[in-house]
Amino acid sequence: MPKPIPGELTFVAPRGAKPPRHLADLTAAERREAVVELGEKPFRADQLSRQYFSRLAAAPDEWTDIPAASRTKLAEGLLPELMSVVRNVSCDDDATRKTLWKLFDGVLVESVLMRYPDRVTMCISSQAGCGMNCPFCATGQAGLTRNLSTAEIVEQIAAGMRSIKNGEFGADASGEAGAVRLSNVVFMGMGEPLANYKRVIAAIRRLTDPAPGGFGLSQRGITVSTVGLVPAINRLADEEMSVRLAVSLHAPDDELRDTLVPVNTRWRVAEVLDAAWAYAERSGRRISIEYALIKDINDQAWRADLLGRLLKNHRAHVNLIPLNPTPGSKWTASRPEDEREFVRQLKLHGVPVTVRDTRGQEIDGACGQLAAAG
């Protein structure tokens, strides 16, 4: 794919072959229709959904409540293989695992599974590549290849949950002492989630619908990141969801943000924040302000002061991200003393701030800066 032109934005993904239909693409009513088309009784849809979402059983020979004669037909018709593992790479004493996936058309995407003392979080991709063209982000510099389907998004989660269940990522999840379970999902992998709006919303429904319709995760454990697509943020507010919104701001002033986050030339800082505050009011959730600290670019004390002035008295929390430099990039992480001063300035305004745990540095980046390579 041609290298993106600096500052050029791509909102509409290139068209290509569609992934095969999968159970996770369909609503409950559509699943019943699909199994009838396959010559099965409608209730088989609930049985198949329970196997996929509740029992995490991918192999037909595990579906003991479904007649053997029906299993192959249902598997071929509604559970095709959507992706295969190219490689897994672990670091942080095996507490972080990045997976490179090959999709049905050969496209590569990545996801990251992260285990913390009190939770397991998975960072997933919603697009192959990204069209937002942020110059410090490896994904943005790759350009946009295509949107992922709902099922391709969901299957990343299903695979992560199977790994946990099988004891591949810490203690067994079947109820023993010290068991781990996936509790948090962040749409901060490859892509701009709100540029693939319909499929991302459908994926959130699958993640949070109660069994057997979905995984039954809490919406409050899901975070959707955006660089600031204002109409889509407003649309998300109308969904009446309680997912957390994370705004990748990276600069408090329009002059710098025009360069760091080119979508700012379309929607200015004030417009993005106004949309975020409206979402916070509708959802009851605090907004996460993502800010990658870049040495001598956006880490000055005066910018921290300006950011604090913009955010004070609002329902917001700043998540400072030490930049994971990409190979050959001129962008690098801030000095420790500049990071500390940035934090101090924000706290002077009463703005809560956290410096993100630097997970995944040994495996060339984690959430928000993924770059799939074979």
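Biologist: Where is the place of G191 in this model?

Modeller: G191 sits in the loop between β7 and α6. Helices (H or I, at least four residues) and strands (E, at least two) are DSSP runs, numbered from the N terminus. This is a predicted model, in which local features need pLDDT of at least 70 and side-chain atom pairs count only at pLDDT 80 or more, while totals for chains, interfaces and linings use all residues. Residues are numbered from 1 along each chain as its sequence is written, and side-chain values use heavy atoms, with hydrogens and water left out.

Biologist: Is G191 buried or exposed?

Modeller: Buried means under 20% relative accessible area, exposed over 50%, and partly exposed in between (1.4 Å probe, protein chains only). G191 has a relative accessible area of 16%, so G191 is buried.

Biologist: Which residues is G191 in contact with, leaving aside its neighbours within four places in sequence?

Modeller: Contact means heavy atoms within 4.5 Å. With those neighbours left aside, G191 meets S126, Q127, G129, C130 and T139.

Biologist: What does UniProt list for "binding site"?

Modeller: An unreviewed UniProt entry gives that feature for G191, E192, S225, S248, L249, H250 and N324. UniProt positions are given in the numbering used here, feature names are shortened, and annotations may be inferred rather than shown by experiment. L249 is buried because its relative accessible area is 0%. Beyond four places in sequence, the contacts of L249 are R257, V261, V269, L273, I289, E290 and L307.

Biologist: Where does UniProt place the feature at cysteines such as C134?

Modeller: The unreviewed entry also has "binding site" at C130, C134 and C137. C134 is in the loop between β5 (127-129) and α4 (138-142), and C137 lies in the loop between β5 and α4. C134 counts as buried because its relative accessibility is 8%; C137 counts as buried because its value is 10%. Not counting residues up to four places away in sequence, C134 touches G140, Q141, V227, L260, V261 and P262.

Biologist: What does the side chain of N196 lie 2.9 Å from?

Modeller: A polar contact is a pair of N or O atoms within 3.5 Å; within protein, one must be able to donate a hydrogen and the other to accept it, and residues adjacent in sequence count only if both atoms are side-chain atoms. Here a polar atom of the N196 side chain lies 2.9 Å from the backbone oxygen of S126. N196 lies in the loop between β7 (182-187) and α6, and is buried, with a relative accessible area of 1%.

Biologist: How should I read a helix, and which residues of α1 are buried?

Modeller: An α-helix has 3.6 residues a turn, so residues three or four places apart point the same way. In α1 (residues 28-37), R31, A34 and V35 are buried. Seen down the axis, the buried residues of α1 fall within an arc of 95° (taken from the directions from the helix axis to the C-beta atoms), so they line one face of the helix. The face turned away from that buried side carries the exposed E33 and E37. The buried residues pack against α2 (44-54), α3 (68-78) and α6 (197-208).

Biologist: And the sheet: what is the order of its strands?

Modeller: Strands of a sheet pair through backbone hydrogen bonds, either parallel or antiparallel. Two strands pair here if DSSP finds at least two bridges between them. The open sheet of 10 strands runs β1-β2-β3-β4-β7-β8-β9-β10-β11-β12, with mixed pairing. Its edge strands, β1 (83-91) and β12 (353-355), each pair on one side only.
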